[in-house]
Amino acid sequence: MKRGGKGLIIFLACLYLLAGAAIFRDYGVSTDEPNERRTMYINANYVLTLLGKEPMDVPELDSYEDKYYGIFLQLPTAVFEIGYKGWNYTYTLRHLYTFGICVLGYVAFYFLCRRIFASDLTAFLGTAMVALYPRFFAEQFYNIKDMFFVAAYMLAMWGTCKVIESGFDWKWVVVFSFLSALATNVRIVGIIFIPLLMGYLWMACLAKRIFKAESAGQSLKEIVSCELTVKRTFMLSVSVLFLYFIFLVIMYPVAWAHPVRTMTEIFTKFSNYDDWTGAIVFMGRILSKEEVPWYYIPVWMLISIPVWYILLFLLTTCVSLRRGLLKIKERELWPGVLFQHKYFLWALLLVLIPWGTIVVKHATLYNGWRHCYFFVPPLVLVVLYGLNHVVKTVGNRCKAAVFVFIALGFAIQLNWIRVNHPHEMVYFNEFGRIWADEFDRDYWHMAEGEAYDYILENDHSDKITVNSTGTRYPLNLLAEDQRERLEVTEDAPMYFIETYRGKLGNEIPLAGYEELHSILVDGFKIATVYRREKL
């Protein structure tokens, strides 16, 4: 790309950073954030105590119920607790930090795509598709678990590419092992990078014995990016496993005393996690986790991923099938896919293996499909393969039509974000929003704080009684004088806030109350303020 094009990419990236810095205060505190902060605090206390510091008044890590949760990426947020300046200060800085980690993931994804496709424009397109996915745009500030995992997944993807392209240089072996451990620390699914790299490593080692010496006019040495002896492959495998385990133990303070036993317990617990007992709203039904069908994730993706992403994915599927059939006809499928198009197959496996595991094990899924947000980067990578092929093979008119289609898709998406800010987390595409009230919506009660603000702005009474189906945690973020005006009570409060978690439909009558104000996105409600009817 010419210097002007690179300058434009840098300008747009800086614009995105400035936008993030301008809006990170617009989001409230999610249901999970206080729990995550507490887990971080208890782990930090354990580490500081080992360093000789005075223990804080928090539970002991060994007896803490969430001791196995990975918080390595969250530990730096402990500095925001120094010289306590209020909940607003603490959580807004945590939101800015979360955004920063997500940006690191986007940067890694950009360089991954640029290395694979040798194109700044293609890399920027793929990164923009991830960073501007509406649900990500909101959750990158406060979803300190799922979005951290998306970021860690992209970092591990980049690390995988670097270690392969370097010919398994030892420096990149260490980096890959660290990033894979980091992803695993956030979510156990991150372990997938280890067997996938091992599989490729041994396939590359045994390539000469498996495939013919020549393929499509190229020598096998040209197809396989590196030539490995059995001895070096074995040493690399052992080293990756050893380094991965060491880094993983370092990231889990609870494992420092008994590394092997504790890591075994962690993997056992999260490979079949069943502690959650909440309700799931899906396709007009309220389900328990045991009732979630196999098609839960595909349906959620179809209704909450932009339609133009889906159409591009279908285009990629058609292109891939056509090229695959040609490879089969020429008897070159396996060498071509495994080595020349290894990252395409790898991206598919990064989605299909976790999804298949979820279906087979009937793994616990919470509200929405946030536990599988990490599918987005590898699927975007698959889309880029199809687009890259189309752009290289079609005429200028078709190429222009593709560019216009993508530009329109981004324009519509950005306008939706502008109109619905700061509620991007409940994005449904043009088809999904028709049935949005039959699915989980604002399951983290993010709009609850906005409902309290509405009550305070429109009722000037010195004392206001309220109640809510939410967490009531946003009350802690109010200014002291405003907080003192609100009194939570279950005994006929003046105002009641409905947040629709675990609820079906757009209309929920409340006996003795009238609907005063609703927060809507595309016509479906995410929070409603009710006022007690006058007698």
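**Aromatic and charged contacts**

Phe428 is buried, at a relative accessible area of 0% (buried means under 20%, exposed over 50% and partly exposed in between, with a 1.4 Å probe and protein chains only). The model is predicted, so local features need pLDDT of at least 70 and side-chain atom pairs count only at pLDDT 80 or more, while totals for chains, interfaces and linings use all residues. Residues are numbered from 1 along each chain as its sequence is written, and side-chain values use heavy atoms, leaving out hydrogens and water.

**Aromatic rings**

- There are 43 aromatic pairs, counted when the ring centres of Phe, Tyr or Trp (its six-membered ring) lie within 6.5 Å; planes under 30 degrees apart are stacked, over 60 edge-to-face and the rest tilted.
- Trp294 and Tyr295 form an edge-to-face pair, because their ring centres are 5.6 Å apart and their planes stand at 90°.
- Trp294 is exposed at 56% relative accessibility, whereas Tyr295 is partly exposed at 32%.
- Phe428 and Phe524 are also edge-to-face, with centres 5.6 Å apart and planes at 90°.
- Phe428 lies in the loop between α18 (396-420) and α19 (448-458) and Phe524 in strand β9 (residues 524-532), so this pair ties together parts 96 residues apart in sequence (helices, H or I of at least four residues, and strands, E of at least two, are DSSP runs numbered from the N terminus).
- Phe524 is buried, with a relative accessible area of 3%.
- Arg135 lies over the face of Phe428, 5.1 Å from the ring centre; a charge sits over a ring if NZ of Lys or CZ of Arg is within 6 Å of the centre and within 35 degrees of the ring normal.
- Ring pairs link a cluster whose members include Tyr16, Phe99, Tyr142 and Trp444.

**Salt bridges**

- The whole structure holds 17 salt bridges, each a side-chain nitrogen of Lys or Arg within 4 Å of a carboxyl oxygen of Asp or Glu.
- Lys6 pairs with Asp120, with the closest N and O atoms 4.0 Å apart.
- Lys6 is in helix α1 (residues 3-23) and Asp120 in helix α4 (residues 120-131), so the bridge ties together parts 114 residues apart in sequence.
- Lys6 is partly exposed at 39%, while Asp120 is buried at 8%.
- Glu507 bridges to Lys525 with a closest N to O distance of 3.2 Å.
- Glu507 sits in the loop between β7 (495-498) and β8 (513-521) and Lys525 in strand β9, 18 residues apart.
- Glu507 is exposed at 56%, and Lys525 is buried at 5%.
- Shared partners join Lys6, Arg114 and Asp120 into one salt-bridge network.
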